[in-house]
Amino acid sequence: MHRREFLASSSGATALALAAGSGFTPAQAADAPGWNPAAFNAKSLAEVAEALGATSAPLESADVTLQAPELAGNGAIVRVSARSALAGTTQIALLVEKNPVALAALFEIPAGTEAQVATNLKMARTSRVYALAKVGEQYLYAFREVTVTLGCDGA
Amino acid sequence: MRLLLSHAMENGRRKDEAGQIAPAWFIQHLRASWNGKLVLSAYWGTAVSKNPFVQFSFQGGQAGDKIAVSWVDNLGEQRTDEALIT
């Protein structure tokens with residue numbers, strides 16, 4: 001009977017308590033401005049593309065190339081290099097499909113910078129690695145299967 | 001341009017030598033600028049390797065030009081370094 005009312009007032013009290021507390025304790029550090037939590041929580045290529053704003057499914061493209069070793073002995077450091085040959089490439093993302101978090105890095109490419117980046121990634125286990133490029137409003141990708149001998153628990 | 005950054009890049013799931021979970025601590029945003037113009041911006045998750053390495057190229061850089069690199073991590077720590085193109 002009064003249950004609904006009780007719940008409503010109790011949640012109001014909780015909100016007040018949190019608001020008061022935040023004034024006196026250091027707030028949990030906020031994510032860096034522009035860091036996209038949805039993209040960094042996504043579990044697959046399609047989900048990452050969607051979180052980045054893709055309006056259609058990403059397409060495999062020979063204009064996007066990905067260099068990665070076929071066999072990586074140490075999953076803690078895997079050198080990955082990605083390139084888009086297409087003018088108008090504004091982003092290159094690197095994904096490791098079977099890591100706990102698929103999206104590893106999102107590079108934004110201003111005009112005047114080549115659409116080519118290399119970096120070292122952690123891999124938890126054998127997985128596809130994707131390079132996903134934003135060209136105009138389209139998302140294009142390439143992938144390679146990387147066999148990991150010693151997976152990285154820090155991935 | 002090659003960057004080598006010093007950072008632990010902890011994902012918050014790894015156990016350290018004492019068996020304790022090491023809290024998440026990783027660079028979230030990296031920016032590189034050349035004479036004040038942004039030449040690369042990168043958002044990172046936890047799967048970028050410890051002591052991150054990045055290589056990229058941009059047009060126009062000449063010896064003596066100033067490069068600035070700054071990052072901010074998930075704990076709000078920041079660092080900026082400057083160097084001249086050689």
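Q: In which sense, parallel or antiparallel, do β1(B) and β4(B) pair, and over how many bridges?
A: In this predicted model, L3(B) stands opposite V54(B) in β4(B). The two strands β1(B) and β4(B) are joined in the antiparallel sense, and the number of bridges is 3.

Q: What is the strand order of the open sheet of 5 strands?
A: Strands of a sheet pair through backbone hydrogen bonds, either parallel or antiparallel. In this sheet the pairing is antiparallel. The twist from one strand to the next averages 15 degrees. The order is β2(A)-β4(A)-β7(A)-β4(B)-β1(B).

Q: Which residue of β7(A) is the bridge partner of V80(A)?
A: Strand β4 of chain A, residues 78-84, is joined to β7(A) by 6 bridges, and the two run antiparallel. In β7(A), V80(A) has as its bridge partner T119(A).

Q: Which residue of β4(B) is the bridge partner of V117(A)?
A: β7(A) is joined to strand β4 of chain B, residues 53-58, by 4 bridges. These strands run antiparallel. The partner of V117(A) in β4(B) is F56(B).

Q: Which element supplies the largest share of the side of chain A that touches chain B?
A: The contact takes 33 residues from chain A and 31 residues from chain B. On the chain A side, β6 (103-108) and β7 (113-121) each supply at least two residues. The largest share is 8 residues, and it comes from β7(A).

Q: How many nonpolar residues does the side of chain A that touches chain B have?
A: Chain A gives 33 residues to the contact. By class, 9 of the residues on this side are polar and 5 are charged, while the number of nonpolar residues is 19.

Q: Which residue of β3(B) is the bridge partner of L106(A)?
A: β6(A) is joined to strand β3 of chain B, residues 37-44, by 4 bridges, and the strands run antiparallel. In β3(B), the partner of L106(A) is Y43(B).

Q: How many helices and how many strands are there in chain B?
A: From the N terminus on, the elements of chain B run β-β-β-β-β-β. The count for chain B is therefore 0 helices and 6 strands.

Q: What percentage of the residues of chain B count as buried?
A: The C-alpha atoms of chain B fill a box of roughly 50 × 20 × 15 Å along the principal axes. Strand β6 of chain B, residues 78-84, is hardly covered, with 0 buried residues among its 7. Of the 86 residues of chain B, the buried part is 30%.

Q: Which residue in the hairpin of β5(B) and β6(B) takes a positive phi?
A: Strand β5 of chain B, residues 66-73, is joined to β6(B) by 7 bridges, and they run antiparallel. Within this pair, I67(B) stands opposite A83(B). The hairpin has 4 residues between the strands, and the residue with a positive phi, near 85 degrees, is G76(B).

Q: Which residues does A131(A) touch, not counting residues up to four places away in sequence?
A: The largest nonpolar core has 62 residues, and A131(A) is one of those that touch the most other members. V48(A), L95(A), L103(A), M123(A) and L132(A) are also among them. Beyond four places in sequence, A131(A) touches V64(A), L66(A), A82(A), I92(A), L94(A), Y141(A) and A142(A).

Q: Over which residues of chain A is the pLDDT below 50?
A: Chain A averages a pLDDT of 86, with 81% of its residues scoring at least 70. Where pLDDT is low, the predicted coordinates should not be read in detail. The stretch with pLDDT below 50 has 1 contact beyond near neighbours in sequence, and it covers residues 1-27.

Q: Which element of chain B has the highest mean pLDDT?
A: Chain B averages a pLDDT of 94, and 100% of its residues score at least 70. Among its elements, β1(B) has the lowest mean, 93, and the highest, 98, belongs to β3(B).

Methods
Residues are numbered from 1 along each chain as its sequence is written. Chains are lettered from A and ligands numbered from 1 in the order in which they are written. This is a predicted model: local features need pLDDT of at least 70, side-chain atom pairs count only at pLDDT 80 or more; totals for chains, interfaces and linings use all residues. Two residues are in contact if their C-beta atoms, placed from the backbone, lie within 7 Å. Ala, Val, Leu, Ile, Met, Phe, Trp, Tyr, Cys and Pro count as nonpolar, Asp, Glu, Lys and Arg as charged, and the others, Gly among them, as polar. Two strands pair if DSSP finds at least two bridges between them. pLDDT is the predictor's confidence in each residue, from 0 to 100. A residue is buried if 20 or more other C-beta atoms lie within 10 Å of its own, exposed if 12 or fewer, and partly exposed in between; C-beta atoms are placed from the backbone. Axes are lines fitted to C-alpha atoms, for helices over the stretch in contact, and angles run from 0 to 180 degrees between N-to-C directions. A nonpolar core is a set of buried Ala, Val, Leu, Ile, Met, Phe, Trp, Tyr and Cys residues joined through C-beta atoms within 7 Å.
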